[in-house]
Amino acid sequence: MGSCPPSSPFKGTVATDDQTPVPGVQMTLKKGNINKGTFTTDDNGQFQITAQQAGCNYKLIPSFTNDIPNAGINTLDALLVGGHIDGIQLLDSPFKMLAGDVDGSGGLDPVDIQTIINVILGVQADFPAKPTW
């Protein structure tokens with residue numbers, strides 16, 4: 001009656017779209033509004049969270065602190081989003097499309113291009129809908 005199955009550990013790897021491991025990512029495990037623990041990925045992007053009750057609706061939230069707000073973002077990103085919108089060259093990964101949707105509208109549009117440019121130029125400090133990492 002509402003009980004959870006036996007406990008199991010959470011483990012995995014945080015990596016980029018091209019499978020490059022990302023060290024230093026904080027992985028926070030939550031059950032409802034309760035923080036069950038925060039763990040950091042190692043040099044290989046791997047993390048392991050101690051055994052928790054299985055099947056009980058946990059949420060795993062990654063976060064990464066970057067000292068440079070627009071690190072890795074440049075005008076090519078705005079051009080690639082524009083090329084996708086215009087059908088010239090479609091982005092080849094759902095991860096790239098998610099990254100390009102900087103306004104959080106659920107799709108790529110000219111507002112995303114303008115927002116990327118604004119962040120690059122320093123007109124805007126960051127993206128309204130997501131972190132830059």
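Three strands form an open sheet in the order β3-β2-β5, and their pairing is antiparallel. The edges are β3, residues 34-40, and β5, residues 58-63. Each of these edge strands pairs on one side only. From one strand to the next, the twist averages 20 degrees. The model is predicted.

What holds such strands side by side? Strands of a sheet pair through backbone hydrogen bonds, either parallel or antiparallel. Here, β2 covers residues 26-31 and pairs with β5 in the antiparallel sense. Six bridges make up that pairing.

Thr41 lies between β3 and β4, the latter spanning residues 46-53. Is Thr41 buried or exposed? Its relative accessible area is 5%. The cut-off for buried is under 20%, so Thr41 counts as buried.

Which residues surround Thr41? Leaving out residues up to four places away in sequence, Thr41 touches Val14, Val22, Pro23, Gly24, Val25, Met27, Gln46 and Phe47. Among them, Met27 falls within the β2 range of residues 26-31. Gln46 and Phe47 fall within the β4 range of 46-53.

Two of the touched residues also meet the Thr41 side chain through polar backbone atoms. The side chain reaches the backbone oxygen of Val22 at 2.9 Å. The Thr41 side chain also reaches the backbone nitrogen of Val25, again at 2.9 Å. Thus a buried loop residue has side-chain contacts to a backbone oxygen and to a backbone nitrogen.

Terms used:
Residues are numbered from 1 along each chain as its sequence is written. This is a predicted model: local features need pLDDT of at least 70, side-chain atom pairs count only at pLDDT 80 or more; totals for chains, interfaces and linings use all residues. Side-chain values use heavy atoms; hydrogens and water are left out. Two strands pair if DSSP finds at least two bridges between them. Helices (H or I, at least four residues) and strands (E, at least two) are DSSP runs, numbered from the N terminus. Axes are lines fitted to C-alpha atoms, for helices over the stretch in contact, and angles run from 0 to 180 degrees between N-to-C directions. Buried means under 20% relative accessible area, exposed over 50%, partly exposed in between (1.4 Å probe, protein chains only). A polar contact is a pair of N or O atoms within 3.5 Å; within protein, one must be able to donate a hydrogen and the other to accept it, and residues adjacent in sequence count only if both atoms are side-chain atoms. Contact means heavy atoms within 4.5 Å.
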